[in-house]
Amino acid sequence: MRVTAGKFRGKPLKENKFEHIRPTADMVKQAIFNKLQFSLQEAVVLDLCCGTGALGIEALSRGAKEVVFVDKDSRSIGLTKENLKFLKAECKVFKGDAIEMLQRFNGKKFDIILFDPPYKSELYIPVTNKIAELDLLAEEGVLVVEHAREDNFSWSDKLDIIDEKVYGIKKVSYLSLKNKE
């Protein structure tokens, strides 16, 4: 597992040694960030259910101004902190439940929210609904959700699907807030 582009390009990240963490494959990570490349400069990013921190670190490497990492598992938080320390990157890392942490961020705007919970978890709809309810996405913000290929969620009526891409067993959904007009 390596950073695929930007100032940390080629740097190895601490290997995942825990079964509960399913890191995004480098090919998929590269596809996601190639799609987001024009939104990354000076972006404020939230890596929710961060696992090893690989997605948020990729955003940081490619020009994000600020990345906030959140996970409820202390092992994930430990891996994320180790990876950030290795890269000498300063970021906020929070241990906590996704919904509770979103409530804590009420009033903050994120340009990009990366959401990659464990597959088959019950978090997908409650978390995306809470993001929409709290209006946490900036005006041109993008919510990137990784989930199982066969999942077909009914996202909040406050969210539009911008795009969806399938990569083997996973699907990546790109969502934005609907225009308020």
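These legends describe close-up views of a predicted model. Local features need pLDDT of at least 70 and side-chain atom pairs count only at pLDDT 80 or more, while totals for chains, interfaces and linings use all residues. Residues are numbered from 1 along each chain as its sequence is written, and side-chain values use heavy atoms, without hydrogens and water.

**View 1. Strand S4 is mostly covered.** S4 spans residues 110–115. Of its 6 residues, 5 are buried (under 20% relative accessible area, with a 1.4 Å probe and protein chains only). Strands are DSSP runs of E, at least two residues long; helices are runs of H or I, at least four long; both are numbered from the N terminus.

**View 2. S4 pairs with S1 and with S5.** Pairing takes at least two DSSP bridges between two strands. Strand S1 (residues 44–48) and S4 share 4 bridges in the parallel sense. Here Asp 47 stands opposite Leu 114. S4 and strand S5 (residues 137–148) are also parallel, over 5 bridges. Ile 113 has Leu 143 as its bridge partner in S5.

**View 3. The largest nonpolar core has 31 residues.** A nonpolar core joins buried Ala, Val, Leu, Ile, Met, Phe, Trp, Tyr and Cys residues through side-chain atoms within 4.5 Å. Ile 57, Leu 114 and Val 144 are among the residues with the most contacts inside this core. Helix H2 (54–61) is one of the elements giving two or more residues. H2 gives the most, with 5 residues.

**View 4. Ile 57 and its contacts.** Contact means heavy atoms within 4.5 Å. Beyond four places in sequence, the partners of Ile 57 include Val 3, Phe 8, Phe 69 and Leu 87.

Notes: Buried < 20%, exposed > 50% of the residue type's maximum accessible area, 1.4 Å probe, protein only.
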